[in-house]
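Please view the sequence and the model first, then read the points below.

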Protein chains: 2
Amino acid sequence: MAYVTKGIRMRIGDLAARTGVSVRSLRYYEQQGLLTAERSSSGQRHYLDGAVDRVGLIQQLYAAGLSSKTIAELLPCVVDGRATPELLARLAVQRDDIDRQIAGLTDTRNRLDSVITGAGTNMLTGRPCRAEDAPAVPNSAKHGTEASG
Amino acid sequence: MAYVTKGIRMRIGDLAARTGVSVRSLRYYEQQGLLTAERSSSGQRHYLDGAVDRVGLIQQLYAAGLSSKTIAELLPCVVDGRATPELLARLAVQRDDIDRQIAGLTDTRNRLDSVITGAGTNMLTGRPCRAEDAPAVPNSAKHGTEASG
DNA sequence: CTAAAACCTGACATCGATGTCAGAGGCAAT
DNA sequence: ATTGCCTCTGACATCGATGTCAGGTTTTAG
């Protein structure tokens, strides 16, 4: 029972609508080897249901700063279970990089938040950062700085 | 006693060396209104000590995805204590956006980590992702998913 | 004094994901 | 068959931060 979940006949416009990603980008992903599509006899792309999740994953990796090339190299492991030790190592490198990003962003977030809540020290000058008017800007819970374990 | 900490006479090459940012970028920052420098009579830039931290802050905000324009608009608040309610609101918007980024990255990190540690479900297919050879890739502590809280 | 090194401005190049446009063909409904 | 929408390929445009080069001036070291 291979390749059962077929018959969905999702076209590129549908996939774009379902993922919020432009048609242009979907074609680009395919060109970069990130996404595959069956082709009808007339050349039109048809996607399986799984494509929706796949596009989501691709977007997530893009958001983490990976390039198309890197994603293309790692996807076989992530998606098909094809893992070589070397691939796993590359994956770990990316994970650690993301850890650093998280740590940096968390720090930035807290600095911004300090300014917003007027919690004293003002990033560089240490001067208070208060509007004449009351700010009334809610939503402030400090993030912990735990990242690269 | 205004503007005491002077006399450091740091030139652009020195600042570049101290911050790890290229000379080209430092000039660009100035052009974008993110960084100011005194000029010697011959036109050479001289920076105060504070410039080092300032460049660091700029980099941090770039890393958070802010554009030069946005940074230029927010820096007066962040650095000089010039906060209007509107500026604080903009700042809060950025903070919340960073929160979303952190949440997304944390999720991505954990998905990658799951694949790395072979902890069962394989992102999309649910197939195990194990190398023939033992992976031996350390460093794995799940991040909590707390962000916009 | 002189040569090397650093600086100045201004311009053009780059990279990567995406937008957009043009011309041609496919598909469904009337 | 015609109309309207969707799709195809291929090409060119964009944006933002940075690299790089050129031609000229300043500073520094010998």
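Along its sequence, chain A follows the pattern α-α-β-β-α-α-α, which amounts to five helices and two strands. Helices (H or I, at least four residues) and strands (E, at least two) are DSSP runs, numbered from the N terminus. The model is predicted: local features need pLDDT of at least 70, side-chain atom pairs count only at pLDDT 80 or more, and totals for chains, interfaces and linings use all residues. Residues are numbered from 1 along each chain as its sequence is written, while chains are lettered from A and ligands numbered from 1 in the order in which they are written.

**Chain A**
- Of the 149 residues in chain A, 30% are buried (20 or more other C-beta atoms, placed from the backbone, within 10 Å of a residue's own).
- Among contacts between residues at least 6 apart in sequence, 53% join residues at least 24 apart in chain A; a contact requires C-beta atoms, placed from the backbone, within 7 Å.

**Surface near DNA strand D**
- DNA strand D is surrounded by 19 residues, the closest being Gly13(A), Arg45(A), Ser22(B), Ser42(B) and Ser68(B); near denotes a C-beta atom, placed from the backbone, within 6 Å.
- At least two residues each come from α1 (12-19) and α2 (23-31) of chain A and from α2 (23-31) of chain B.

**Surface near DNA strand C**
- Around DNA strand C there are 19 residues, of which Ser22(A), Ser42(A), Ser68(A), Gly13(B) and Arg45(B) come nearest.
- α2 of chain A, and α1 (12-19) and α2 of chain B, each supply at least two residues of this surface.

How values were computed:
Buried ≥ 20, exposed ≤ 12 C-beta atoms within 10 Å, placed from the backbone. Contact = placed C-beta atoms within 7 Å.
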